[in-house]
Amino acid sequence: SPDEALVQTDIVINEVMTRNKTTLVDDDGAYSDWIELTNIGRDPVNLNGWMLMGTSDPSTAYIFASEFIAPGEHILIFASGHSVNKPGYVRHAPFKMSASGDTLTLYNNLGHIVNALTVPALSADQSYARADDGSYSVSTMATPGQDNAVFVENSAPTSPSPLRLSE
């Protein structure tokens with residue numbers, strides 16, 4: 001149906017951690033799992049009425065209060081199981097995520113899906129992070145609230161090797 005088609009937006013699910021053991025403590029002193037959204041566009045976006053949902057139960061969706069996300073800004077939502085969505089407070093979603101794999105869906109204020117992400121099973125303190133090209137990969141270097149550092153094991157060196165011509 002047309003309602004299930006992705007709507008183009010500059011707000012993306014940028015990084016997710018489903019098994020936070022030592023990476024980031026929330027305001028309650030707990031190592032809650034977390035979701036990071038980022039504005040990859042050039043204009044601020046008002047998130048009022050936007051909704052973030054896990055797979056567990058639609059009635060536990062996190063609904064954003066009136067707040068703007070500036071270009072390049074990262075915002076964190078802890079998936080702690082209790083809801084706090086007041087501007088100026090640490091954000092907590094009323095759902096938790098499964099470390100064995102989960103799906104997150106972000107809806108705009110019109111109820112259209114703008115980002116849907118299937119998160120694979122993750123080990124302790126690994127994140128599932130978005131690269132600049134829009135692809136996602138497992139990262140051992142989580143960067144909550146910052147630009148992602150996506151490290152792929154056994155990757156080619158990033159600096160080019162000198163070119164040698166022989167005749």
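F64 is buried, because its relative accessible area is 2% and anything under 20% counts as buried. Please keep in mind as we go that this is a predicted model. Y62 is buried as well, with a relative accessible area of 0%, and together Y62 and F64 form an edge-to-face aromatic pair, with 4.8 Å from centre to centre and 90° between the planes.

How many aromatic pairs does a search of the whole structure find? It finds 2, and Y128 and Y136 form a pair that is stacked, with 5.6 Å centre to centre and 20° between the planes. Y128 is buried, since its relative accessible area is 14%, which is under the 20% limit.

Let us now turn to the strands around these residues.

Elsewhere, 4 strands form an open sheet with antiparallel pairing, in the order β5-β4-β9-β10. Its edge strands are β5, residues 62-63, and β10, residues 113-119, each of which pairs on one side only. Strand β9, residues 102-107, is joined to β10 by 6 bridges, and these two run antiparallel, with L106 standing opposite N115 in β10.

Key
Residues are numbered from 1 along each chain as its sequence is written. This is a predicted model: local features need pLDDT of at least 70, side-chain atom pairs count only at pLDDT 80 or more; totals for chains, interfaces and linings use all residues. Side-chain values use heavy atoms; hydrogens and water are left out. Two strands pair if DSSP finds at least two bridges between them. Rings of Phe, Tyr and Trp (its six-membered ring) pair if their centres lie within 6.5 Å; planes under 30 degrees apart count as stacked, over 60 as edge-to-face and the rest as tilted. Buried means under 20% relative accessible area, exposed over 50%, partly exposed in between (1.4 Å probe, protein chains only).
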